[in-house]
Structure formats: C-alpha cells, structure tokens
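Student: Please take a close look at one part of this structure, the place where the two chains meet, and walk me through it carefully.

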Number of protein chains: 2
Amino acid sequence: VRDFYPEDMAVENYIFKTMRRVAESFGYEEYGASVLEPAELYEAKTGEEIVSEQTYTFTDRGGRRVTLRPEMTPTVARMIAARRRELPLPIRWYSIPNLFRYERPQRGRLREHWQLNCDIFGVTGIEAEAEIISLAAELLRAFGLKDEDFEIRLNSRKIMDYCISGVLGLQGDDGKTICRLIDKKNKISDEEFKKTAADILGEKDKLLLALLNSKNFEEFISRLPRDEEAEKTLNETKGLIKVLDGLGIYNIRFDQTIMRGFDYYTGTVFEIYDTDAKNRRSLFGGGRFDKLLSIFGAPDLPAVGFGMGDVTMRDILETRGLLPPYRPPAKVVVCIVEKSALPYGNDLTQKLRAEGVAVLIDCSGRKVGDQIKAADKRGIPFVVCVGGAEVKSGKLKVKELKTGEETEVEEGQLARLLKNRAVK
Amino acid sequence: VRDFYPEDMAVENYIFKTMRRVAESFGYEEYGASVLEPAELYEAKTGEEIVSEQTYTFTDRGGRRVTLRPEMTPTVARMIAARRRELPLPIRWYSIPNLFRYERPQRGRLREHWQLNCDIFGVTGIEAEAEIISLAAELLRAFGLKDEDFEIRLNSRKIMDYCISGVLGLQGDDGKTICRLIDKKNKISDEEFKKTAADILGEKDKLLLALLNSKNFEEFISRLPRDEEAEKTLNETKGLIKVLDGLGIYNIRFDQTIMRGFDYYTGTVFEIYDTDAKNRRSLFGGGRFDKLLSIFGAPDLPAVGFGMGDVTMRDILETRGLLPPYRPPAKVVVCIVEKSALPYGNDLTQKLRAEGVAVLIDCSGRKVGDQIKAADKRGIPFVVCVGGAEVKSGKLKVKELKTGEETEVEEGQLARLLKNRAVK
C-alpha cells in the first residue's frame, strides 16, 4: 500500500496543484472518469499481451467484466468519441487520474500511481506538437527545473516507418520486431542488439546501425536515401524544431532511437530526459496518435498528448531539492490560559476562520506553556494566548514561535495581521 | 462508468476545493492512501456479512488478497496505529478518498464515489464532538446552505446502550437486533417494526415505542428510569448541545432514533438532515469511535469524525441552485488575423501566461470572425486579435464577448487589465 501521511500528501498536492495551474494557463480543461472501465475498452484496442500483463480485470456481481485502468488514453478516446459532435474543436483537455499497474511481473503486486495527461484533439499541423511540447517544458520550469536540467528528444514514427519499410524493406512482423528492438536499444547490450538486427536484416544491419548511431539530425538525414514523400516527412520534424526554437525552447534534439512503446502513435514522438550525468533517465513522454478514435467506432481525430507520472516527478524534485517544506494548514493556535476564557477563545477562532485565517484552538486544559510547545512541535507559526486580561481588554498578543517576537494588536485587527504576516 | 466531462469535473473540483478550504480553516491536515488495501484490514474488524457484501476483494498476481476500499475509517485507523508514538495529539486529519461499493445487491455493479472524511483523534471530552459538528455545519454554510436548510440530529450510543441493556434488559444478539431495528425505523412500516419489537421484547415493546416516539430530549429523559451512571451519560449529551449553542449552532436536536449502522461507534452519533419538506433525507453523519485502534494492535485512542459524500452534496447543491456556473480556465483567446503575426501572437501568449493569465492561441488560420465565434462558443470571456497593425504599434484591443465592449491597451498593460477585469 502507498500511504500519504500529511507531509507526503502535501507533496502530492503541490505536484497536482502545479500541474493544474500550468495546464490551465494553456487553457486546458480538466476531465475525469471512474477508475473502473469495461474490460472491452482495452481488449478492443489491441490483442497485445503487454496490455493484459499490466492490467487487472475482474467480474463484478452483475456479471460485467471490469478493469482497473492502466492508462488514461483509451478513456479519453472513449469519452471524446461519445460526444464527438458536440465538442468544439480543438479540444484541449487534461486529467490527473490514478492508474493501476503490476509493479514487476516477478512480484505481481498491483500498484496505484497518478499521471497528468494533457491532450489536444483536432489539430493536424505541427502547432499541436509545438503547444504540447511547450506545455511539457513549462511544467518542468514551473517545478523549478532549469532548461539545462532536462532535454527534449524528438522523433517521428513516420520517419521511422520510412526507415523500416522504405529503406530497410521490412514489413509486418519483421518491421514490428525491429521497432521494438530500436525501442529497447538503450536497455540491452550492443551484442544482443546486433544479433537480433543481423538475424532479421542480414547485411542491411550495418545501415540500421549507422542510422541509429548518427550523431545528429543532419547526419541521420544524410544517410537516408529519400523520395519526395520522405522529404516532406523530414521537413515536418525540421519545421517543428524551428517552431519550438521560436517559442524559446532550445533544449531539444532529434533522437532516432525514441520510439515510445505504444502502438497507437502515428507521428511525432518525444521523451524528456533528465540531463543529470548520474541519473540520465526518461522522465516522461508523449506523441501524436491520429488513429485512436476509430477503435471506438468514431471518425478519427488528430491528437497529440503526453503523460507525466507523479512518482518520477516526486523523485526528481526530491533529488534536486525542489520540493517546498511542509507547512501545516493552521497559521495560528488560540491557547486558552483559563477555562473562563474558552467562550471568548471559541468566538475569536470563529471570527478568524470567517476572515479566511486557518486556526485551531487548544481546549486541552493543559498549562499554557505546554500548549505553546505543542503548537511549535506541529510547526504552526503563531500563537495567541487568551486569558481573563485579554477577554477584558480585547487587546491580544500574537507570538511568532520561531523568532519569539510578540506584537500587540486589537482583536479586530488580528485577522489582517495574520493574513499579511509572511512566515519565515 | 462515471465520467466527468469538464463541466462535471468543475463541479467535483468546486466541491473538493470547498471541502479542503473549510477543513483546513479548522487546522485539519490532509492525508491519503492507495485505494488498494490488504483484505485482512476489513476481515480483522468484523466478521459481519454487511462488510463483505459491499466490498470487492481479489487476489493479485503475487498471491495477495487485496480489497478496493469501501470506506476510509479502517485505513486512517491503520495509518495512525502505525505511527501512534510519533504523532502529537490531538490529531486533526481529513481526506477526500474515492471509495468503492456495490450499487445495489440486485444490480451488483461496483461504483466509485468520493467522500470527505474529517476526524479528530486524542480528545476524550465533548469539545471534540463540538469541533467536528461545527466543522460539518461550517461546510454546509460554505456551500451556501442556510441554517434553516439543514438540521443536525444527535444521539448517543451510550444512552442507547443504557436503554437497551439497562432499561429493556436485552443482551447479546437480542440487543443487536433491536439496535438494527431502531436504525431502520424510518425505512420500514410501523407494523413491521412493532412485530419485530414485540417478538423480542414481549410487553416491554410499549416502553421502547414510547421512548422512540418522545417528541424531544426532555420527554425522552422523563420516560427513562435512571441511575447515577445514566445521569452522567445524559448530562454529556445535554452539555454538548449547550456548547454547540455557544458556538452559534442552533439547528440541532436530540433524536433517539439515530443509530448509524457501523458497529464501531461508542458515544455520540449524529446525522445531518435536509429540512426540505419534499426531500427530508439524511445528507451525511458521523460520531465517536473510541475503540477502533485496538483492532490494529495499537492502544485505543478517542476519536470523533464524519464522512460527507460527493454524490449527495452534488445533488443537494444542484437541487437548490447552489452550484457555480461553469467557466473554462482560459480567460482570453489570442486570435491571429494574419499568419505573419503568429510569432508576435506566440510571444504575447507566453508573456500573458508568465504573468498568470490563462490564455489560448488560435492557430487554425481560419477567418478571424470564426475564431471569435469559436471563443464565444467555448465561453471564454475575452479575445485579443493580433494582425500587422498590432505588431507594429504594440497597441492591442481587448474585446469582451458578452458585452462587445472594446478596450485599447498597451501590450505591457494587457496582463494587468485581464487579471483585474471581473467576468460578468
């Protein structure tokens, strides 16, 4: 089980809040759905083993087969297909669903995690890719990452399809095997890669290796024999890099080894990498998937999107010291010095809340010194002690626990003072 | 499946946001946990059939039996038991978990819903009940309900235990049967009630009916033969009503038919009712449960809490017209009059976002009139059209779509204007 004690929950909330703020600054609207989907949703899509290995499907008491969703894309495709005619295009949607997957085949534990999904539907041109990629970059910046902390690696499934079928002459299963091989190139040994490549490609394996090992886009292109159609495809990716450049996104490069596992990508694919030399890993990614809606019986709709997981983000922000410190919600504790002051204390507490100050009252009856210590231990920054004198005069002393500084204030001014006092 | 298109999601978010704001104004800290719990968590608690009928348990690939949580209380008890020594008391925690239950035994469909859970742990005295009940009342007020729109009905399990064992002389299963009978009194016919009561109580059924039919707390008490212990129990509930009166909560009354189904309640129980004559129903409820932690092998801790469901709240707010209208996140659309103005438009869009204005850009290339119409159709309140003239002069016209009003502004002032302009 994954538990979130308040300190951990605050981190999740900080991550979700930042995701929401940035997605909405791009005009993206939030949607959601139950984690339970009819099993057919996933079976319709592909017969691939990988899907069923990662999902959990069961039969409910009404005899329906239900799946705990492993990803959000089939859900959003289903929802859009259902209202295809009413929704004005382009559709800019985001969601932060909880998803379920088996941790590792060996352990077989079903785990829950969260993932920001941002998608734009209805735009054919590369301005969709440009928007989605700048949204992804803006998110990382909003979390405090600098442009040199991450790198956006870009590829196009269309280019790769051209390489595999047009240049290497592979079709059907052989093509798919090579696709998967390229996808896992960085995870397997060079020997293993070469062996499988040679098995399928024979002498052409050298061409594949030369293509994959090209140092940059220009070198890659120069090795590629190309016709008019290929030229067009290449220009699309070049054009996208140029548009992103115009949007101030320079930490981007073409990478012909980026494939992204999912079969539903049809064009641009990208993956964002941590540039930390000790931890050079993929943070998240996405791409264009223009053919997904037809699976749900709806006319296809061009679409570009990405998914960003909470676990990876939390990890990178923790590593880089970018998570904000925990602060409990209450800004002040009302301490009760004498029992007779309790009604006044209750009244004060209610007034502060009504003015938007988060406050808790200590009704424990213990010594006031212990009440103050308890407030401090909880990390609550201020206390106001209320006894007979305060009830009589209506003058209150606000004490900042970190500095010991005391400020006297009229009761009516207390809320304003607390709202405006920054916490060190 | 329960889908949340943006309009519906905005309602859920409004409800969750209000819940968070009010709970935090009382200093409650948010916690969370995965929806998957080890099945033993629920089996340890009770062997009762009602639990297994409402929960869904399955075996994961690692051979572990896992349950989709039907309620949050066992989870919070488990989490507190695990950190019993480190957590300073009292613990004020809240959560808005998604929970799973079968819709109705006949249909057998597993449904997901959300529920705000607020609990205070570590307070023996009625100030805990007072705080939890005022938090519940404050929540309803924050949603726009007036005090006359709802009524808080209060009872005490201790009083009822005294009635059942001390006054009616029932023990064990007979006592439990009468408890459940009282719990469903308002759901079954008078005949059915009387029959079961007479079966168990014989002649004493008249006393039970007289007690349950008492018009108010005084009448109820007057019918109750009582010893010193009983007097103490009654005074506790009287005291609570008085404290709540001091906190400005007057829409409260004693109701000896409130039992709350769960076995884990040990003292005060309460339920909040809609006072609408056409729809007099229970909205939500809670109570004191002092003995829950020992089930998890930890020393017991006094606890009071409640759970408030999203479906019921949504329903009552909808009925009363208290839900805010939907507004898409973007406040303005940047329309591109000529393609040459696109770089300027992109730049403007980025500047606005950097200053905290949610904005989207229309790169469709369609006629500007159509771009404006599309913005209006989406409910986005403002547009700024950018063409050659604007690029040259840096003077921009902001158009409010509802009124048609246009305001000319220097580019550098646009963000400020948009942030400060209220939307009608």
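Tutor: Contact here means heavy atoms within 4.5 Å. This is a predicted model, in which local features need pLDDT of at least 70 and side-chain atom pairs count only at pLDDT 80 or more, while totals for chains, interfaces and linings use all residues. Residues are numbered from 1 along each chain as its sequence is written, chains are lettered from A and ligands numbered from 1 in the order in which they are written, and side-chain values use heavy atoms, with hydrogens and water left out.

By that rule, 71 residues of chain A touch 71 residues of chain B. The size of an interface is often given as the accessible area lost when the parts come together. Taken as the accessible area (1.4 Å probe) that two parts lose on being put together, summed over both, the buried area between chain A and chain B is about 6100 Å², with 52% of it on carbon and sulfur atoms. On the side of chain A, the residues that lose the most area to chain B are Tyr5(A), Arg61(A) and Arg378(A), which together make up 12% of what that side buries.

Polar contacts (a pair of N or O atoms within 3.5 Å; within protein, one must be able to donate a hydrogen and the other to accept it, and residues adjacent in sequence count only if both atoms are side-chain atoms) are found across this interface in 32 residue pairs, both residues being at pLDDT 80 or more. The side of chain A that touches chain B receives the most from helix α1 (residues 6-25) of chain A, which gives six residues; helices (H or I, at least four residues) and strands (E, at least two) are DSSP runs, numbered from the N terminus. That side of chain A divides into 35 nonpolar, 13 polar and 23 charged residues, where Ala, Val, Leu, Ile, Met, Phe, Trp, Tyr, Cys and Pro count as nonpolar, Asp, Glu, Lys and Arg as charged, and the others, Gly among them, as polar.

Between the chains there are two salt bridges, each a side-chain nitrogen of Lys or Arg within 4 Å of a carboxyl oxygen of Asp or Glu. One of them joins the side chains of Asp3(A) and Arg78(B), at 2.7 Å from N to O. Asp3(A) also stands opposite Ala33(B) in β3(B), and strand β1 (residues 3-4) of chain A runs antiparallel to strand β3 (residues 32-33) of chain B, joined by two bridges; strands pair if DSSP finds at least two bridges between them.
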